[in-house]
Amino acid sequence: MHGSHILTCSRRGLATALAASSLLTVFALATPASAGTASATAGGSKVVCTSKKPGLASELSHDIAGALNGRQGTWSLALYDRITETSCELKADTHFDSASVVKVSVLGALLRQAEEAHRKLTPREVKLATAMITKSDNESTSALWHQIGSAGFKKFLTLAQMRHTVPGAGKSWGLTQITAGDQLRLMQLLTTENAVLTPTSRSYALGLMNHVTPGQQWGVPAGSPATASVHVKNGWLPRTTGGWRVNSVGAFTGGGHDYGMAVLSTGNRTMDYGVGTVEGAARVIHRDLTGAA
């Protein structure tokens, strides 16, 4: 469903944007003046972490690098934790083929359009959105991609300040170019009050991401604490060059948790290998942030 088939699948003003920008700036994870910063090298690139919790930046950067070093392919990572005021980045502005993680952005664009029209989602839209997120259904995604339109999708990206995301051409939503930084911003958008999406819209999106089919609950949820509510979307796509793209984004809320992460990868020899890379990084992040075994 997410292989070569995805390549052929069908794919409002300024005041609002400024208001959204203002609020997003407020909730985007800032670097506190008293925070500690540390870095470690993974695959020739720096994992840079900042945290107000003593020792956590060093621990995270070291452990993330350890989980990724020796793994084949190319990876990117970004995370935030509001509780400890922590952030980490590894090549967070590098572009990757989105595969199906773009479906959360498609849902965001749909919800924004409905809000601007002062209406609820139609039964058809609910059916399509549910299949798109919980089952990662491609045909449903193609229908919504066409309905939203290029201008509608780009508008949502602008409002959400996902400045580095480049929509896939024509029907090729799966080839949207994404970055870990933008995907993390989307997770932040869904988990705090803002001017882009109402609490109802955000709750709806998170609810779908909390109910993905069991076979698609791999990726960043690996090693997550049992006390957290897990919201995830994965994407996987093989191409003739560069091997498998394996991506996973998620937010972890409730039970005293409020953090999210995005791990993107390309150049994996198999899908399972890419999943292993993503989950290896996710496990040490969950462990360091929460003490989860």
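Modeller: Here are some terms, each set against its value. This is a predicted model, where local features need pLDDT of at least 70, side-chain atom pairs count only at pLDDT 80 or more, and totals for chains, interfaces and linings use all residues. Residues are numbered from 1 along each chain as its sequence is written, and side-chain values use heavy atoms, with hydrogens and water left out.

Biologist: Why is glutamine 161 called buried?

Modeller: Buried means under 20% relative accessible area, exposed over 50%, and partly exposed in between (1.4 Å probe, protein chains only). Glutamine 161 has 8% relative accessibility, so it counts as buried. This residue sits in the loop between helix 6 (138-159) and strand 6 (177-178).

Biologist: And why is glutamate 85 called partly exposed?

Modeller: Because its relative accessibility is 32%, glutamate 85 counts as partly exposed. It belongs to the hairpin of strand 3 and strand 4, with 4 residues between the strands, and takes a positive phi near 50 degrees there.

Biologist: What makes strand 3 largely enclosed by the rest of the structure?

Modeller: Of its 8 residues, 7 are buried, so strand 3 is largely enclosed. Strands here are DSSP runs of E with at least two residues, helices are runs of H or I with at least four, and both are numbered from the N terminus.

Biologist: How do you know that strand 3 pairs with strand 9?

Modeller: Two strands pair if DSSP finds at least two bridges between them. Strand 3 and strand 9 (residues 257-266) are joined by 8 bridges and run antiparallel, and tyrosine 80 has glycine 260 as its bridge partner in strand 9. Strand 3 is also joined to strand 4, by 5 antiparallel bridges, with alanine 78 opposite glutamate 89.

Biologist: What makes the link between arginine 82 and threonine 191 a polar contact?

Modeller: A polar contact is a pair of N or O atoms within 3.5 Å; within protein, one must be able to donate a hydrogen and the other to accept it, and residues adjacent in sequence count only if both atoms are side-chain atoms. The side chains of arginine 82 and threonine 191 make such a contact at 3.0 Å. A polar atom of the arginine 82 side chain also lies 3.3 Å from the backbone oxygen of glutamine 188. Where is arginine 82 itself? It lies in the loop between strand 3 (74-81) and strand 4 (86-90).

Biologist: Thanks, that makes the terms clear!
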